[in-house]
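Please work through the exercises below with the sequence and the structure at hand. Each task is followed by a solution in steps.

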Amino acid sequence: MARDTNLAGIRLFEGLSDAELDTVAGHMRPRQFAPGEQLCAAGDPSDRIWLITGGLVIWSAGTTAGGGEIELRMRKGDVIGAQDAITGTERTATVSASTITDTLELDAADLLTLAGRFPRILINVIHTQRERLFRASARSAALFSASVRSSSNRGEEIGLIAGPSLKGVIPGLIAAARMASAQPVTVADRSLSFAGALTASDELATENATVLIPSEFDPDTVAVLLDEADRVVALVGNAEEANRLGNVAAASKGRRLEIILVSDEARQASQMWHPSALRLVVRECARQPDFALADADVAWIARHLTRTKLGLALGAGGAKGYAHVGVLHALEAAGYTVDYVGGSSIGGFVASQLALGHGAGEIDARFREAFSAENTAQLFKSPLVGSAGLETLTGLLKEATKGAFFSHTQVPLVIMAVDLTARAPVAQRRGPIWEALLAALSVAGVFPTQERDGHRLIDAIALVPVPTAAVIEDGADIVVSVNLLGTETLERWPGVPDEPEAEPAKPRRRGPLDTILEAMDLSQLDTSARHAALGDVVITPRFGPAEWRDFHLADRFLQAGRIAANEQLPALKALSRPVDLVAARREASLV
């Protein structure tokens, strides 16, 4: 056999001379395997080996503890079964072709004879086995990283497909994805064969956080990608495309397939899918007249691909909640978009306004209107528990939310409360938003508990002062948590002159309610810090002399939030970056 088999590039035969490679090639014969066909099964006799010259196979073996399987992708240049053939043991793994796979087959007896003549082959067998174990370890770490937050340095491989009606959107999505992540994002070279692109993506994942694999909108291709990539993101533009993908979606059983429906037509057609497949839909978009995606959808998909969707967890703190508005001003000015938001107590109020689509300036105005001097006087009219301020609180919450339900929000919203009946925190995500806020703001000692289906709900400060975990649970990849109960305070407000000695500030008359709430705040300092620390970026504003119901200090609280947020922007920029869609379009036009 001539040396067009290119054995010189094969790890198993590394170090052999040209003449020795010709001798090896003379013992090998070509063999092709169909998709799904097994090359060998665990427990079979080790009577031959295969060198993959084209295509793709899956190598799977039980773990040493017997607790599941390790799977590896093997492609052009990989050799299957060499160690088992050398040792004469039964097969330890099952190997099956994922695509049409071409191989060169070599009998075990011939391998042993060749290894006797060329001892370098035995050394190479040991090296390739060590490399395979390393790849298995790296693969397991990458999969773990996709399901939980892992410290693995290996990047994520993502199949990216779009229906023919949307095919032109792929370059723009790739360009936007590169801008969304502070970590390296690259694309597998599709000038290669499909198997070649997958091979290249494996190598690219060692140096890049995200590897995108653009592929054909074809059920067979999607099925292979589901086996090979860490996840697959599919854009569906019309009913015909939805019908083509439907069977794959139903069969995927949740295996890393994520579907984006782009048009009402696609959405309606998807209703015919198996119910389990509907859980794979991660976003519904409206297609533009020119078959393009809306800017907001492009930016969201870019963040989804790169796992940089931003969540915001806003903590409890009464009037200090104006600091949350300052944080929003800073994020807005830096160009960030919040994809998930949650709040505890007053943080829930600000979170609800953001979720309903209001910007920082409008939220500021709504906050001041809702908690005006007149309203706060009514809210805290009674010194202890009573219903005097409940009517005022209910009215201002209904007005601020305009009767909206959670289902009306533009981004997912969670509002925390504490269930005294169940003695546990409760994440509210359904029903009228004002009702959830009423429970979230029912401070023990100020307002009566709220009855909901036999459960008594109060302000979440008692258990979850900052709802970071709930925002992560909703799907945020990166969470900014804002803790208003920090231990570090300022002796005086920045930029505010000292009070003249001749006119000392008149101390506020403190009642039993103030003492109760001051003690409650102190008791939650550690809890608030621990819940906030679950976030990727923690913002803890520093306040001058103030108390929880000093709503008249709105400007000072707001500025403290803005300053603290700006201090933490470098930490956020190290994780994600705002998407510049103008630049993304320009880059896409050059592809």
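The exercises that follow concern a predicted model.

**Exercise 1.** Determine how helix 13 and helix 16 are oriented to each other, and which residues make the contact.

*Solution.* Step 1: helix 13 spans residues 346–355 and helix 16 spans residues 390–401. Their axes are 10 Å apart and form an angle of about 25 degrees. Step 2: angles under 35 degrees count as roughly parallel, and the two helices are therefore roughly parallel to each other. Step 3: helix 13 contributes Phe349, Ser352 and Gln353, while helix 16 contributes Leu397, Ala400 and Thr401. Step 4: sorted by class, this contact has three nonpolar, three polar and no charged residues.

**Exercise 2.** Decide whether Thr468 is buried or exposed, and list its contacts beyond four places in sequence.

*Solution.* Step 1: Thr468 belongs to helix 18 (residues 468–474). Step 2: buried means under 20% relative accessible area; Thr468 has 0% relative accessibility, so Thr468 counts as buried.

**Exercise 3.** Describe the salt bridge between Arg29 and Glu105 and its setting.

*Solution.* Step 1: the two side chains meet at 3.0 Å, N to O. Step 2: Arg29 lies in strand 1 and Glu105 in strand 8, so the pair ties together parts 76 residues apart in sequence. Step 3: Arg29 is partly exposed at 31% relative accessibility, whereas Glu105 is buried at 5%. Step 4: Arg29 and Glu105 belong to a network of salt bridges that also includes Arg31, Asp47, Arg48, Arg91 and Asp107.

Technical notes. Residues are numbered from 1 along each chain as its sequence is written. This is a predicted model: local features need pLDDT of at least 70, side-chain atom pairs count only at pLDDT 80 or more; totals for chains, interfaces and linings use all residues. Side-chain values use heavy atoms; hydrogens and water are left out. Axes are lines fitted to C-alpha atoms, for helices over the stretch in contact, and angles run from 0 to 180 degrees between N-to-C directions. Helices (H or I, at least four residues) and strands (E, at least two) are DSSP runs, numbered from the N terminus. Angles under 35 degrees count as roughly parallel, over 145 as roughly antiparallel, 65 to 115 as roughly perpendicular and the rest as oblique. Contact means heavy atoms within 4.5 Å. Ala, Val, Leu, Ile, Met, Phe, Trp, Tyr, Cys and Pro count as nonpolar, Asp, Glu, Lys and Arg as charged, and the others, Gly among them, as polar. Buried means under 20% relative accessible area, exposed over 50%, partly exposed in between (1.4 Å probe, protein chains only). A salt bridge is a side-chain nitrogen of Lys or Arg within 4 Å of a carboxyl oxygen of Asp or Glu.
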